[in-house]
Amino acid sequence: MTELLIKKIYNWVDERYQVTDLTGFFTKKTVPVHKHFVWYYLGGITLFLFIVQVATGILLLFYYKPTAAEAYESVKFITTKVEFGWLVRSVHSWSANLMVFSAFVHLFSTFFLKAYRPPRELTWVTGSGLLFIVMGLGFTGYLLPWNELSFFATKVGTQMAGAVPVAGEYLRTILRGGDEISDATITRFFALHVMVLPIAAVSLLGLHLIMVQFQGMSEPLSSAKDPVKKTMKFFPNFLLRDLVVWLLILAGLMVLSIMFPWELGKKADPFAPTPFGIKPEWYFLWMFQTLKYIPAKIFMFDGEVLGILGFGAAGVGLVLLPFIDIWARREKRNPVFSILGVFTIIYMLFMTYLAYFGPQK
Amino acid sequence: MKKVQMHKKVSISILVLLALSAPCCMAQEKDYCVECHKTLDGSAKEPVDKISHDVHSKRGLSCADCHGGDRTKEDFDEAKDPAKGFIGRPKRNEIPGFCGKCHSDPAYMRRYNPNIQTDQLAKYMESQHGKLNAQGDQKVAVCISCHDVHGIREKADPRAPIFITNAPMRCASCHADKEYMKDYSIPTDQMEEYSHGVHGEALLKKGDRGAPACHSCHGSHDAALPRAIAVGNVCAQCHSLTRDLFAKSPHKAAHDRMGIPECEACHGNHKIARTSDEMLGTGPGSVCEKCHKEGSSPYIAATSMKTSIETLKGDIKDTESMVKDAERMGIEVSETKYFLDEANNSLTKSRTYVHTFSKETVAGIAKEGIDLALKAKDKARKAIGEFNFRRKWLAAVIGIILLLAAVLYLKIRNMEKT
């Protein structure tokens, strides 16, 4: 009886929207199986964490008040008075950090597997764009609880934006909504965090997923030339595997959120002096630390400006990588890129280590 | 006609300009006291060296304004002509009158500082220092002993010897000098004691300028020993509530009757130790036992007050430990901490109200604190319970998630086998 009803509903929808064509596409789609297969899960993990972010973010929105006077109190209210509010907030914070981490790992895995080779150049471009949006979401969301740490870290972060040549002053004023971090800053960070960046993320994510589904998973160079190709059906085999991984990630997320609840800290006092050792979020630390080591003047140029320009150039280089690595376009591996990738990872880890454990300037 | 008017205007303008510029073009009068003394050596040159930061010099007063004579004359005899009021160097015991000449004249002093007191000389003459000075004592403190001479700084200047944190050392420069004080038969250990007391540590070690120095209790110009009966009033300048409570207590009449200094009897004078609960009740450190015998009604009251305070302290300590545990577990405890703070306030209040020497009053305040501490303890207990609930809840959720994952995994295996 139930089966008959489901079949009827399916037929009704199929007659109007040709669902069978779509399911047919997924059932025919295959995923290459090889020794680097495990890295395929990273994109799915990032997607899952993004979904968690959206769901918990909406729940937080029911109670959060984006003003300098009420933000801290509203987050405190969420964590102390709202049923399971502490869990929602903790999951949102942990998931945000895990999402940034998995996005970085996903980026580096696709980099080393050279997944950006033709015809997947634009998948890489949209993916690297998504990484920047995720970092933007992290940066804007960090300020919203309006605690001491986030307030001063945002102060330092927006100060760094002021060093961008020509438009730096404007950029800083636009970000802050004035000369200082104030009520205007939290409202615009809130607007960016819950509206502008999520819309951009969903749009770019949609494009990214369509491209991935349409073109399929990229095969690494090492297995591309294998005479015997092993594959796996995307639906249901790979999708079910993805689900298992998502469930494991969810379990890990719950353990972290409950055993190590995200602290709220002290309420921000804009008139207090900047506390010693204030740091941005861990994923910005390597840049923050680099700027510390750059001399104030390099020849006739301002060191900080050169540093910011360097990061900007690296970002552009990252997005345009599929068009720069001409060897990969010919299905060849140039070790320079792999060495560059390894060096970048070591550099980022070392700078982050120094920021936490090195001499504090 | 217009031309004549024009000439007139130009001439008047020139005259006005000349008149305005005249003072700056005139040669400034030389101060020959300074000119001459700066060429000398040793003590004759010292006043010139120090006068640059002297409060009088900064307000335009010169040597002659105090010492008399004519500073505009280069000639020695003319400059130091007694007919022109030259006094020269006053004798030590003449110094108070020498300074008081101006400092006792309200009309004169108002020209420089309308808020300055002008009763210093009168007060000094009433002080122990002033009385001895009047008897011809050449060693006793006069104005310059504390304020310095020629290089006199305002009392708000941290470099001034009478600045609050420097003042005790200034008094000690005489009062701690056994050799200097040998003729006066008074102790010389006040500074040593004060510096180890709660007030001395606050002022000298922590730099707390709200803490009392010697003059806060003994007065400055009218420095004297407070009489036994007045000691309470001296302490009450800061500890007013304690003093009020004491004044209404049965101790007040007893102290007055026996001539025992009020606060000093239990707390000491210069070396006032940091108060502790050990001072109350019985046991080592108790001050009650000094006067009250075991079994007496005051002895029982002291024991009861101590018990009330100790009970409150115990409850606060237990709660604090639980709140710390809850905090470590990541539970929000700001509301719990509020009640704990209030309980601590009750503890402070009960310690102050010990000076009523009423066991009922202290017990009542301690009870308020105990209730608050118990409220906080209850909240802390709930917070820890919440954490345990979360852990159980987590275990259940993780179990369900892992079960789902296992089912899915088996489904995949089964599917791929077939």
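This is a predicted model: local features need pLDDT of at least 70, side-chain atom pairs count only at pLDDT 80 or more; totals for chains, interfaces and linings use all residues.

Colleague: What's the mean pLDDT of chain A?

Modeller: The mean for chain A is 92, and 100% of its residues reach 70 or more. pLDDT is the predictor's confidence in each residue, from 0 to 100. Helices here are DSSP runs of H or I with at least four residues, strands are runs of E with at least two, and the numbering goes from the N terminus.

Colleague: Back to Trp146(A). Where is it found?

Modeller: Trp146(A) is in the loop between α6 and α7 of chain A. Its phi is positive, about 55°, although it is not a glycine.

Colleague: What do most residues do there?

Modeller: Most residues other than glycine have a negative phi, and most peptide bonds are trans.

Colleague: Which other residue has a positive phi without being glycine?

Modeller: Glu331(A) is one, with phi near 60°. Glu331(A) is in the loop between α15 (326-329) and α16 (335-357) of chain A.

Colleague: Is Glu331(A) buried or exposed?

Modeller: Glu331(A) is exposed, because it has 12 other C-beta atoms within 10 Å.

Colleague: And which peptide bonds are cis?

Modeller: One is the bond from Pro118(A) to Pro119(A), with omega near 10°. Pro119(A) is in the loop between α5 and α6 of chain A. A cis bond also joins Phe235(A) and Pro236(A), with omega about 5°, and Pro236(A) is in helix α11 of chain A.

Colleague: OK, new topic. What does Trp146(A) touch?

Modeller: Leaving aside neighbours within four places in sequence, Trp146(A) is in contact with Ala68(A), Ala71(A), Tyr72(A), Phe151(A), Ile186(A), Lys267(A) and Ala268(A). Contact means the C-beta atoms of two residues, placed from the backbone, lie within 7 Å.

Colleague: How many residues are in the largest nonpolar core?

Modeller: That core has 50 residues, and Trp146(A) is one of those with the most contacts inside it, as are Leu49(A) and Met99(A). A nonpolar core is a set of buried Ala, Val, Leu, Ile, Met, Phe, Trp, Tyr and Cys residues joined through C-beta atoms within 7 Å. Elements giving two or more residues to this core include α3 (41-61), α6 and α7 of chain A. α5(A) gives the most, with twelve residues. Apart from this core lies another, of 29 residues, among them Val323(B) and Ala343(B).

Colleague: Tell me about α7(A).

Modeller: Helix α7 (residues 148-161) of chain A has 14 residues and reaches 20 Å from its first C-alpha to its last, close to the 20 Å expected. That expected span is 1.5 Å times one less than the number of residues. Its buried residues include Phe151(A), Phe152(A) and Met160(A). The buried residues of α7(A) pack against α6 (121-143), α8 (168-176), α12 (285-293) and α13 (303-319) of chain A.

Colleague: And chain B? Where is Ala343(B)?

Modeller: Ala343(B) is in helix α22 (residues 334-352) of chain B. It counts as buried because it has 26 C-beta neighbours inside 10 Å. Not counting residues up to four places away in sequence, Ala343(B) touches Ile316(B), Gly369(B), Leu372(B), Ala373(B) and Ala376(B). As for the chain, the secondary structure of chain B comes to 23 helices and zero strands.

Colleague: Last one: how many residues of chain B are in contact with chain A?

Modeller: 15 residues of chain B are in contact with 17 residues of chain A.

Notes:
Residues are numbered from 1 along each chain as its sequence is written. Chains are lettered from A and ligands numbered from 1 in the order in which they are written. A residue is buried if 20 or more other C-beta atoms lie within 10 Å of its own, exposed if 12 or fewer, and partly exposed in between; C-beta atoms are placed from the backbone.
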